[in-house]
Each structure stands twice: as C-alpha cells, then as structure tokens.
Amino acid sequence: MSEPKGSKTQARVWVVENGKMRSRSDYITTEEPLEIRLLSPRRTIAITMRTPGADFELAAGFLYTEGVISNRQDIQRLSYCVDTEIDGEQRFNIANVELREDLHPNLQPLERHFYTSSACGVCGKASLENLRLPGVTPIPPEPQVTPEILYSLPEQLKAAQGIFKATGGLHAAALFDAQGQLLTVREDVGRHNALDKLIGSALLSDRLPLHNHIVMVSGRSSFEILQKCIVAGIPIICAVSAPSSLAVSVAKEFGITLIGFLREQKFNVYSGRERINI
C-alpha cells in the first residue's frame, strides 16, 4: 500500500544516548485539521485533527457511523474545497460532501463533533444520555473463529503499518475476513479517525454491512469504537489494549464479541465468547 501524501513530516531531532548528544533527521506523524462540510445545507459538521490521507473515506465513514447517511448512494460527490474568491486553489484541509437532493438528515447529534480532537470523538459530552445508537439492531451470531486465527492478527496489523514504522506515532484499524486474512488497513493520529477511514473505504466500495468480518484496532476499545463498528455491522472487535467499561456494556447489549489484550498468544474475551471456537 502506498503512503498517503503528507502523512509524515521530516524533523530534526537530538538523540541523547550514553550521556552524549547527536543530531539526526527523523520523521514525525503529520497532524492537521480536516473540516468536513456539507454543501446543502451548507454547514460545517465536524473539524477533526487527522493525519492527511484517505480524507474522503474519513468523511464518508464519519457520516455513516453518525447516522447522517445510510448507504453509498446518499453521497453524490466528495471533493476538496476550491477557494474561488481568493486564489482558486484547492484547500486540502476542507472536504466538501454533496448529499443527494432529497436527503434531509437530522444533524443535531453532530453538535458534539464540531471540534473533534485526535484523541477522542466524544470528549466534552455532558452526559451519556445524549449518545445514541439509532436504528441499530443486534449483530448476527456468525462467524465463529479459533484462537489461532485471532493470534495471527496483531503481527499482520503490525506488518501493514507502513507509516507507523517511519514515525512510531499512529493508530491503526484493520479489517480481516473470518479466516483471519488481512483485507484493509488504515492509519491515523486518532484511532477513531483510522476506524472511520476503514469503514468509509468499505462504504465507498459498497461492502457494508461488514458481517462475517473482524476488526482490530491499536490501543484500547472505547465507546465510540464500539458505536462505529456496530453501525457497520462488525461482529468481532479486537484491540491490543483494554476496553472501557462502557465499551463492554455496549458490546453485551448488541451481541458483539469484544476482545482485549490480544498479543503474544493470549487475549481476554469481555463479551460474545460464543463466537470463540475452542
């Protein structure tokens, strides 16, 4: 997979080792804002700090997991903004989304996203009562997977993280089939952005819902990670680290197999152990 343009930035660093200092060139992860803007009605619906690359997938995945759109056909066009009033140049930090004319989405739930940090998409929310999973039904009971399949996922994810190898500063989300074959990987400075890019890729290629698939994320599983996966129909969610208590509650409610601390031939199952074939 080729690296997205602008995903890493060259920097001068000073390395201190064994009491001595030396200078060398290094790469750090690029973090820049992306404004997701609807054209009709003309409205900014989110500003997220992200790693440039797969911006249209990010916008599409965000709109889908937030319930603004329900399928690929709801989007007529994705484009970068062109500032015709100033210099006519493309603004690569503004993604314009043109929805089909007869679609009138409820945008009120998006108010919590007007500024989204790379760390967490639901920060600053006053209460959990305002977080909803509208129209989502429990996930089908398939597939069943063996521990051996799950053991293979972390190394595949690590091997596919091209930008992480260069910078050491990115989250990743990976999509696998039920046999543990790696299908897609997306990286971003924010773990929820990486997942939106992954789901957006599936949406734009008409592969949703992702029943009979597995998703693995770097870091921990939070409420928002679970929310996005449930909307996309993903039955098995794996993470390198631990889930939050709310993530476990949501997984149990919606029939998700939630796995944490997947590393070194070991993992914990927090929900949905019936999918683990031992």
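Okay, let's start with the annotation. UniProt, in an unreviewed entry, places a "binding site" feature at Phe 261, Leu 262, Arg 263, Glu 264, Gln 265 and Lys 266. From that set, Leu 262, Arg 263, Glu 264 and Gln 265 turn up in the lining of the second largest pocket. Keep in mind that what we're looking at is a predicted model.

Quick overview before I go on. The chain has 7 helices and 12 strands. It runs to 278 residues, and 50% of them count as buried. If you take contacts between residues at least 6 apart in sequence, 54% of those join residues at least 24 apart.

Back to the annotated stretch, and two residues in it. Arg 263 sits in strand E11. Sequence neighbours within four places aside, Arg 263 is in contact with Val 240 and Ser 241. Then Glu 264 is in the loop between E11 and E12. With a relative accessible area of 75%, Glu 264 is exposed, because the cut-off for that is over 50%.

Now on to strand E12, residues 266-271, which holds Asn 268. Asn 268 comes out as partly exposed, at 31% relative accessible area. Phe 261, remember, is one of the residues in the UniProt binding-site feature. The side chain of Asn 268 also has a polar contact of 3.2 Å with the side chain of Tyr 270. And here's a spacing to look at on the screen: from Asn 268 to Ala 242 you count 26 residues in sequence, and their C-alpha atoms are 8.8 Å apart.

Where is Ser 221? In the loop between strand E9, 213-217, and helix H6, 223-231. Although Ser 221 is in a loop, its relative accessibility is 1%, so it counts as buried.

How many of its residues are buried? 8 of the 9, so H6 is largely enclosed by the rest of the structure. The buried ones are Phe 223, Glu 224, Ile 225, Leu 226, Gln 227, Lys 228, Cys 229 and Ile 230. Notice that Glu 224 and Lys 228 are in that set. As for what they pack against, we've got helices H1 (55-65), H5 (191-204) and H7 (245-254), plus strands E9, E10 (236-239) and E11 (257-263). E11, of course, is the strand where we found Arg 263.

One of those partners, H1, I'd like to show you up close. The axes of H1 and H6 come within 9 Å and cross at roughly 85°. That makes H1 roughly perpendicular to H6. On the H1 side the contact uses Phe 62, Tyr 64 and Thr 65, and on the H6 side Gln 227, Lys 228 and Val 231.

Conventions:
Residues numbered from 1 in each chain as written. Predicted model: local features only at pLDDT ≥ 70, side-chain atom pairs only at ≥ 80, totals over all residues. Heavy atoms only, no water. Helix = DSSP H or I, 4+ residues; strand = E, 2+ residues; numbered from the N terminus. Buried < 20%, exposed > 50% of the residue type's maximum accessible area, 1.4 Å probe, protein only. Contact = heavy atoms within 4.5 Å. Polar contact = N/O pair within 3.5 Å; in protein donor to acceptor, adjacent residues only side chain to side chain. UniProt positions renumbered as here; feature names shortened; annotations may be inferred. 1 Å grid on protein atoms, 1.4 Å probe; cavity = no way out; pocket = protein on both sides within 12 Å on 5 of 7 lines; lining within 4 Å. Axes fitted to C-alpha atoms, helices over the stretch in contact; angles between N-to-C directions. Parallel < 35°, antiparallel > 145°, perpendicular 65-115°, else oblique.
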